[in-house]
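Here's a quick briefing to read alongside the structure.

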Amino acid sequence: MRVSSYFSVFAAGSRQYFVEQARTRIKLDKGERSMLKKYVYLPFVLLILLLAADTALAAGTPKRIAILPIMTNGAGIYEETEYALQDRLEREFHVPLNGTLKVVELLPEKDCREALAAVDTELRQSQSGKHVHLQDEMKPLADKLQADVVVGLVVTNFWEYTHVNWEGDTWLESDVSLQLVGYNRAEDRVIHRSVSRSFHSEYAPDGTASALAADGLESLLQEEKLHDLIFPLHKAKKD
């Protein structure tokens, strides 16, 4: 038999083997596929838990986190968008098995709201009723709540509208502006970052005001790296 014939037989056999393997994987029932997924994700879950445990042991006591309710300043934000932004802020401080590890303590929203109102009143009285910038209230608020981290999102601009151009195409005009405010006690630093997003083109789902707000918040969180306050990276000291 010639070499080409041997190669043809080998290729056919290999092809049959991979086909059978594919069929076997397809035949896996839902429970087996779920079990395989668990084995795939298990190392990542264990790594997160180890980081959380290491942080908890190093810190000794939970970090007190004050997440302020979304502040709109009169911007006509959709209720579902407001809920989504608030949920994203809270997920930034999520710790697996936090009930056991006690890495963070999320302060009640009611306490945060009442403390912010009290601080605002106190500062206005001390400044004879003059306007007080929200970022200037963050450190006093952290002191009043005895919080390690204070964070809040301000929606200063949120609008969108659609129109049909002369060619019959639907166009979307949208604009969003956000501010991330807060206080980081570990660095004794006031948090104040801003971002704006706009869209002026043929209608697309990622151009809606809600999508722009979600994207803007992600940008602010990446810049501020709030999650690193819970899981700090231990850098080796140089000699």
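Helix α7 (residues 209–224) lies across β3, β4 and β5, and runs at about 145 degrees to β5. Keep in mind that this is a predicted model. Below is a tour of the sheet, then of the other helix that packs on it, α6.

**The sheet**
- Five strands make up an open sheet, with mixed pairing and the order β2-β1-β3-β4-β5.
- β2 (104–106) and β5 (189–202) sit at the edges with a single partner strand each, so one side of each has no neighbour in the sheet.
- On average, neighbouring strands here are turned by 20 degrees against each other, ignoring direction.
- Strand β4 (residues 170–184) and β5 run antiparallel, joined by 14 bridges.

**The buried side of α6**
- Met-138, Leu-141, Ala-142 and Leu-145 are buried in α6.
- These residues cover an arc of only 100 degrees around the axis, which puts them on the same side of α6.
- An α-helix has 3.6 residues a turn, so residues three or four places apart point the same way.
- The cover over the buried residues of α6 includes β1, α5 (109–126), β3 and β4.

**Just after α6**
- Gln-146 follows α6 and has a positive phi, near 55 degrees.

How values were computed
Residues are numbered from 1 along each chain as its sequence is written. This is a predicted model: local features need pLDDT of at least 70, side-chain atom pairs count only at pLDDT 80 or more; totals for chains, interfaces and linings use all residues. Side-chain values use heavy atoms; hydrogens and water are left out. Two strands pair if DSSP finds at least two bridges between them. Helices (H or I, at least four residues) and strands (E, at least two) are DSSP runs, numbered from the N terminus. Axes are lines fitted to C-alpha atoms, for helices over the stretch in contact, and angles run from 0 to 180 degrees between N-to-C directions. Contact means heavy atoms within 4.5 Å. Buried means under 20% relative accessible area, exposed over 50%, partly exposed in between (1.4 Å probe, protein chains only). The arc is that of the directions from the helix axis to the C-beta atoms.
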